[in-house]
Amino acid sequence: MAAIENAHQPPPSLLQRIERLESQNARLKKAAAVTVLALATIILLGQGSQKGREVEAQSFVLKDADGAVRARWETKGHEVLFRLFDTKERIRTELMVADTGAFVTLGDATGRPRAIFGVQGREGLEETTLALCDKNGKSMVLLTVGANYSGLKLSDGQDKLATSLLVTPLGSSIGFYDPTGTGRAQLGFAAGEPSLLLYGKDGKVTWHTP
């Protein structure tokens with residue numbers, strides 16, 4: 001009887017092959033399940049990016065592999081801010097859009113602004129401005145272009161105006177200022193005639209020509 005039962009059992013080598021086939025079959029089933037899941041995810045993402053689909057939020061934060069914030073996109077009141085940070089989370093680039101204008105700021109390794117470019121509305125007119133700042137973030141050079149004029153202002157690093165240049169269709173002028181920011185001299189050219197004005201400490205003209 002035992003011989004009959006053993007006759008119906010497959011040899012050991014065949015059993016091993018069957019076990020290997022079952023193991024391979026199980027792995028194939030797992031791989032197929034993963035593949036189906038991946039395809040479903042791709043299909044869902046594709047549907048989410050179709051025209052008309054929207055994602056609503058008040059802020060987005062992008063972090064690197066170490067968890068440091070590298071970008072932030074958010075709204076503050078009527079302003080929209082987009083900031084890019086270095087690995088120490090210092091602002092290196094900022095884009096701001098507000099009701100009064102739009103500005104791009106570039107920062108140095110300390111996070112202080114070093115260059116600011118913007119378009120802003122002032123008294124119903126738009127100006128394009130470019131400001132260059134020192135290591136303390138103070139504006140040293142300010143270039144302004146308006147509807148019918150352009151100007152250049154040079155500061156002394158103490159928030160005091162030192163020299164200015166203004167160009168208009170009527171003429172142009174160069175102004176010189178003392179350490180307090182008070183105008184002391186103005187050289188100009190208007191209506192075909194040059195002019196020179198000197199001012200006292202109180203800002204009043206003390207001498208001029210013609």
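**Entry 1: the pocket lining**

I looked up what lines the largest pocket and found that S11 gives the largest share, 5 residues. Elements here are DSSP runs numbered from the N terminus, helices being H or I with at least four residues and strands E with at least two. A pocket is an open set of points on a 1 Å grid over the protein atoms alone, where a 1.4 Å probe fits, with protein on both sides within 12 Å along at least five of seven lines; lining residues have an atom within 4 Å of a point.

I noted a volume of about 360 Å³ for the largest pocket, taken as the space filled by probe spheres set on the points, which are joined across faces, edges and corners. Among its 24 lining residues, Gly 151, Lys 153, Ser 164, Leu 165 and Leu 166 are the closest to the centre. Strands S6 (113-122), S7 (125-133), S8 (139-145), S9 (150-155), S10 (161-168), S11 (171-177) and S12 (183-190) each give two or more residues to the lining.

I sorted the lining into 11 nonpolar, 9 polar and 4 charged residues. Nonpolar covers Ala, Val, Leu, Ile, Met, Phe, Trp, Tyr, Cys and Pro; charged covers Asp, Glu, Lys and Arg; the others, Gly among them, are polar.

**Entry 2: ground rules**

A reminder to myself: this is a predicted model, where local features need pLDDT of at least 70 and side-chain atom pairs count only at pLDDT 80 or more, while totals for chains, interfaces and linings use all residues. Residues are numbered from 1 along each chain as its sequence is written, and side-chain values use heavy atoms, with hydrogens and water left out.

**Entry 3: the whole protein**

I find 2 helices and 14 strands.

**Entry 4: salt bridges**

I searched the whole structure and got 6 salt bridges, each a side-chain nitrogen of Lys or Arg within 4 Å of a carboxyl oxygen of Asp or Glu.

Arg 83 and Glu 94 pair at 2.6 Å, N to O. Arg 83 sits in strand S3 (residues 79-85) and Glu 94 in strand S4 (residues 91-98), 11 residues apart. I see that Arg 83 is buried at 18%, and Glu 94 is buried at 16%.

Arg 90 meets Asp 86 at 3.0 Å. Asp 86 is buried at 10%, whereas Arg 90 is partly exposed at 28%. I also traced a salt-bridge network linking Asp 86, Arg 90 and Arg 92.

Notes. Buried means under 20% relative accessible area, exposed over 50%, partly exposed in between (1.4 Å probe, protein chains only).
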